[in-house]
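Me: Can you walk me through this one? I have some quick questions.

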Amino acid sequence: MHINWKKTTIVVLDAVLAAYLVLAFTSFNKPDESNALCIKVNINIQDEMTNGFLNVKEIKNRLVAQQLYPLEKPMRYVNGRKIEEMLRATPFVKTAECYKTQDGQVCISLTQRMPIVRIKSINGDDYYIDDHNSIMPGTKYTSDLIIATGYINRPFARQYVSVLSKALMEKDLWKNQIEQINVLPDRGIELIPRVGNHIIFIGHLPESNRQSVRDGEIKAYVEKKMARLEKFYKYGLSQAGWNKYSYISLEFDNQIICKKHAADTTPTPATSSQTN
């Protein structure tokens with residue numbers, strides 16, 4: 001078999017030249033990290049002002065404690081993957097991205113997990129539930145969230161209290177008015193408002209082993225109860241006074257049962273009212 005060495009040599013040279021051009025182009029566009037130092041660290045935290053669980057100072061301190069804070073370090077020693085992995089292990093971090101720029105900057109972008117309710121159970125548990133019904137540990141930071149107290153174990157918190165909290169927070173009226181959920185020993189639900197010296201009892205949340213069914217039924221249940229409460233606030237308490245009653249029960253669909261404060265001796269037309 002006759003081999004055309006001239007043609008083969010040209011093909012090989014073309015391949016070598018192409019590989020060289022690729023390497024040269026890559027080297028030209030890649031930041032020269034041989035001697036460059038990190039001159040600036042940019043930390044961006046989404047929802048930092050509204051969530052209040054993470055701030056730039058805390059993220060910096062965590063990086064410093066793990067000897068990962070890149071400022072004034074040679075860029076070739078800055079490991080973006082290690083920085084991301086460490087930050088993702090932080091309880092309140094949802095996502096973390098880190099990248100380097102050609103002018104010596106390291107950029108870190110974070111998103112936070114969104115807590116929806118704080119659990120302070122009678123058994124001493126103190127933690128948060130996020131918008132994916134997952135448990136978040138307690139923190140020194142405060143946030144304007146509904147607090148759930150009483151007889152709450154972790155499954156009930158994730159499967160029921162979190163759904164209840166979401167339903168309440170969907171409407172601005174209840175997001176601003178309801179500050180506490182209290183779970184009774186039989187899992188009856190009480191709500192404590194910011195305005196008005198009374199407790200609201202809404203009964204027992206629907207139960208189901210299927211999450212999609214359970215979530216939908218709880219949401220519908222809460223919406224129905226709170227719609228009745230809104231009418232009572234508008235047509236009942238607005239006339240009787242916000243501090244007249246100590247207990248308002250919405251448990252039954254055909255009536256609202258009210259209990260007056262013990263010191264209140266003023267006559268009242270009735271302690272229950274018919275509603276639709």
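Me: Fine. What kind of model is it?

Reply: It is a predicted model.

Me: How many helices and strands does the protein have?

Reply: The secondary structure comes to seven helices and 13 strands.

Me: What share of the residues is buried?

Reply: Of the 276 residues in the protein, 38% are buried.

Me: And the surface?

Reply: The accessible surface is about 16500 Å². Carbon and sulfur atoms account for 54% of that.

Me: What about contacts across the sequence?

Reply: Take contacts between residues at least 6 apart in sequence. Of these, 52% join residues at least 24 apart.

Me: Switching to helices. Where is the kink in H5 centred?

Reply: On Val161. H5 covers residues 154-169, and the kink is about 35°.

Me: Is Val161 buried or exposed?

Reply: Val161 is buried. Other buried residues in H5 include Tyr160, Ser162, Val163 and Leu164. Phe156 is also on that list.

Me: What happens at the start of H5?

Reply: Asn153 makes a contact there. One of its side-chain oxygens comes to within 2.8 Å of the backbone nitrogen of Phe156.

Me: Now charges. How many salt bridges are there?

Reply: The count is eleven. One of them pairs Arg113 with Asp130, at 3.0 Å from N to O.

Me: Where do Arg113 and Asp130 sit in the chain?

Reply: They are 17 residues apart, and the pair links distant parts of the chain. Arg113 is in the loop between strand S3 (105-112) and strand S4 (115-121). Asp130 is in strand S5, residues 126-130.

Me: Why does Arg113 count as buried?

Reply: Because its relative accessibility is 17%, and the cut-off for buried is under 20%. Asp130 is buried too, at 4% relative accessibility.

Me: Which residues form a salt-bridge network?

Reply: Arg118, Lys120 and Asp126 are linked in one. The closest N and O atoms of Arg118 and Asp126 are 2.9 Å apart. For Lys120 and Asp126, the N to O distance is 3.3 Å.

Me: How accessible is Asp126?

Reply: Asp126 is partly exposed, with a relative accessible area of 30%. Lys120 is partly exposed as well, at 35%.

Me: Cysteines next. How many disulfides?

Reply: The count is zero. Take Cys107, which is in no disulfide. Its nearest cysteine sulfur belongs to Cys98 and is 8.1 Å away.

Me: Why is that too far?

Reply: Because a disulfide needs the two sulfur atoms within 2.5 Å.

Me: Is Cys107 buried or exposed?

Reply: Cys107 is buried, with a relative accessible area of 11%. Cys258 is buried too, at 7% relative accessibility.

Me: Last topic. Where is Ser249 found?

Reply: Ser249 is in strand S11, residues 245-249. Its relative accessibility is 10%, so Ser249 counts as buried.

Me: What does Ser249 touch?

Reply: Leaving out residues up to four places away in sequence, Ser249 touches Phe201, Gln255, Ile256 and Ile257.

Me: And its polar side-chain atom?

Reply: A polar atom of the Ser249 side chain lies 3.4 Å from the backbone nitrogen of Glu251.

Key:
Residues numbered from 1 in each chain as written. Predicted model: local features only at pLDDT ≥ 70, side-chain atom pairs only at ≥ 80, totals over all residues. Heavy atoms only, no water. Bend = angle between axes of the 7 residues up to and from the residue. Helix = DSSP H or I, 4+ residues; strand = E, 2+ residues; numbered from the N terminus. Buried < 20%, exposed > 50% of the residue type's maximum accessible area, 1.4 Å probe, protein only. Polar contact = N/O pair within 3.5 Å; in protein donor to acceptor, adjacent residues only side chain to side chain. Salt bridge = Lys/Arg side-chain N within 4 Å of Asp/Glu carboxyl O. Contact = heavy atoms within 4.5 Å. Areas by Shrake-Rupley, 256 points an atom, 1.4 Å probe, with all protein chains shown as cover.
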